[in-house]
Amino acid sequence: MSDTTLRNATDRVWPEDGVTRVPAWIYSDPEIYAKELKVFHYGKTWNFVGLDCEVPEPNSFKRSWVGERPVIITRDAEGEIHVVENRCAHRGSLLCWKNRGQAKDITCPYHHWTYNLSGDLMGLPFLRGVQGKGGMPRDFDKSKNGLTKLRVAVRGGSIWATYSDEVAPLEEYLGPEILMRLDRLVSRRPLRLLGYSRQIVESNWKLYWENSRDPYHATLMHPFLSTFGILRTDGDYHSVPLQEGRHEYTYSQYDPELKNKTSEASKQIKSIHSDLEVKDKEVVSSVVDEFKDGMMGAFQVFPTILVQQYFNCLVVRHVIPKGVGAHELSWTYFGYADDDETINRLRLKQSNLVGPAGFVSLEDSEVLSLMQPVVESCPDSVQVLEMGGHGTEAQSTMMTETLIRAFYDFYRREMGL
Ligand SMILES: [Fe+2]
């Protein structure tokens with residue numbers, strides 16, 4: 001066995017120069033990955049699992065994930081929301097294979113053990129055996145053999161779960177800046193589910209986590225953004241880390257005149273094709289100014305989601321780790337129950353901006369899946385994060401890696417690296 005194989009995750013040493021350097025082994029070391037799941041997803045965090053419009057009525061369910069573990073969100077007959085592991089207490093079989101639907105109870109396909117929607121074991125076949133033979137022991141206690149239940153918190157239309165009894169209440173975990181942004185999108189009006197996109201990205205989950213904290217690449221790698229003036233490096237833009245790097249938000253004020261301005265910054269971006277026009281302006285401009293604040297932006301709640309608003313397109317990106325070298329991106333598009341046809345159509349049209357084939361997001365999964373084998377092949381290499389200086393403070397620019405540095409400041413403390 002090689003030295004590298006024997007080396008324990010805790011023996012890993014972060015490079016000098018702190019958070020301006022990120023070692024490539026964090027994207028491929030299976031022990032680091034296992035520790036991340038334990039410390040973060042199964043530790044003292046609140047994990048987003050879904051929206052309440054995905055379980056709209058009593059007796060409905062939706063599959064989701066916390067870390068790698070499959071869970072089921074249920075709404076019981078009384079309307080109460082629960083999150084239970086999607087794992088039979090008997091032999092560990094996956095209980096629910098359907099993405100979402102209606103059910104009064106959950107029956108395991110393997111041996112037909114049946115649970116109610118709050119996860120209690122209600123019954124099992126041949127409990128007393130057949131003709132006096134077989135069956136469960138007399139002292140088998142159904143009340144001790146239910147599904148594993150997670151702690152649940154609901155904020156507006158968003159549903160969160162945790163394995164921890166010690167984590168702070170959800171509102172405290174999110175903090176006032178995230179709460180304000182979350183409430184702006186999901187707490188003022190009842191939500192309407194518009195649809196899903198799902199994709200497997202063959203890269204470590206943190207590469208995507210960094211990507212959504214990386215405004216530096218946005219106008220460079222996504223030509224649609226700069227060409228059609230959705231985002232410009234010379235526009236109003238703010239990158240704000242929160243809770244010493246745990247969460248973050250970014251926002252910009254949309255300026256429809258930006259497209260026609262040439263500046264020092266626009267000259268540096270090769271991807272601006274000023275002779276191109278979008279024929280259908282509805283794709284790139286907010287026809288309905290529904291929030292009355294001209295704000296576009298995103299916020300990230302560690303360790304599960306990025307919530308994003310492009311004009312009238314509202315979407316949650318759920319980042320689900322799938323082994324050290326892959327993650328799933330689950331995109332949930334939503335609007336409001338009282339939306340009229342005009343805005344509903346706009347939301348659907350503008351949803352073309354994001355998702356696996358989105359005009360401003362398809363490049364991300366491509367570049368990250370090509371990056372993963374490279375970082376795996378050079379685990380002792382380091383990445384350079386000096387754009388915008390060496391610090392981790394909020395900055396009013398896109399030309400910064402402050403959000404990624406702030407994330408690794410937080411990450412190193414929590415992981416003991
Ligand atoms: Fe991107």
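Cys 88 counts as buried, at 1% relative accessibility. This is a predicted model, and it holds zero disulfides. The sulfur of Cys 88 lies 3.9 Å from the closest cysteine sulfur, that of Cys 108, which is too far for a bond, because a disulfide needs the two sulfur atoms within 2.5 Å. Cys 53 is buried too, with a relative accessible area of 8%. For Cys 53 the closest cysteine sulfur belongs to Cys 313, and the 14 Å between them is too far for a bond.

| Cysteine | Closest cysteine sulfur | Sulfur distance |
|---|---|---|
| Cys 88 | Cys 108 | 3.9 Å |
| Cys 53 | Cys 313 | 14 Å |

The model also contains an iron ion, coordinated by NE2 of His 217, NE2 of His 222 and two OD atoms of Asp 364, at 2.0 to 2.6 Å. The donor residues follow the spacing H-x4-H-x141-D in sequence. The arrangement of the four donor atoms is irregular because they subtend angles of 54 to 154° at the iron ion.

Another histidine, His 82, is part of strand β5 (residues 81-85). His 82 is buried, its relative accessible area being 13%. Its side chain makes a polar contact of 2.8 Å with the side chain of Asp 76. Leaving aside residues up to four places away in sequence, His 82 touches several others, including Ile 72, Leu 117 and Val 152.

Technical notes
Residues are numbered from 1 along each chain as its sequence is written. This is a predicted model: local features need pLDDT of at least 70, side-chain atom pairs count only at pLDDT 80 or more; totals for chains, interfaces and linings use all residues. Side-chain values use heavy atoms; hydrogens and water are left out. Donors are N, O and S atoms within 2.8 Å of the metal (3.2 Å for Na, K and Ca); water is not among the atoms, so sites may look incomplete. Four donors count as tetrahedral if all angles lie between 85 and 135 degrees; four count as square planar and six as octahedral if opposite donors are over 155 degrees apart and all others between 65 and 115; anything else is irregular. Helices (H or I, at least four residues) and strands (E, at least two) are DSSP runs, numbered from the N terminus. Buried means under 20% relative accessible area, exposed over 50%, partly exposed in between (1.4 Å probe, protein chains only). A polar contact is a pair of N or O atoms within 3.5 Å; within protein, one must be able to donate a hydrogen and the other to accept it, and residues adjacent in sequence count only if both atoms are side-chain atoms. Contact means heavy atoms within 4.5 Å.
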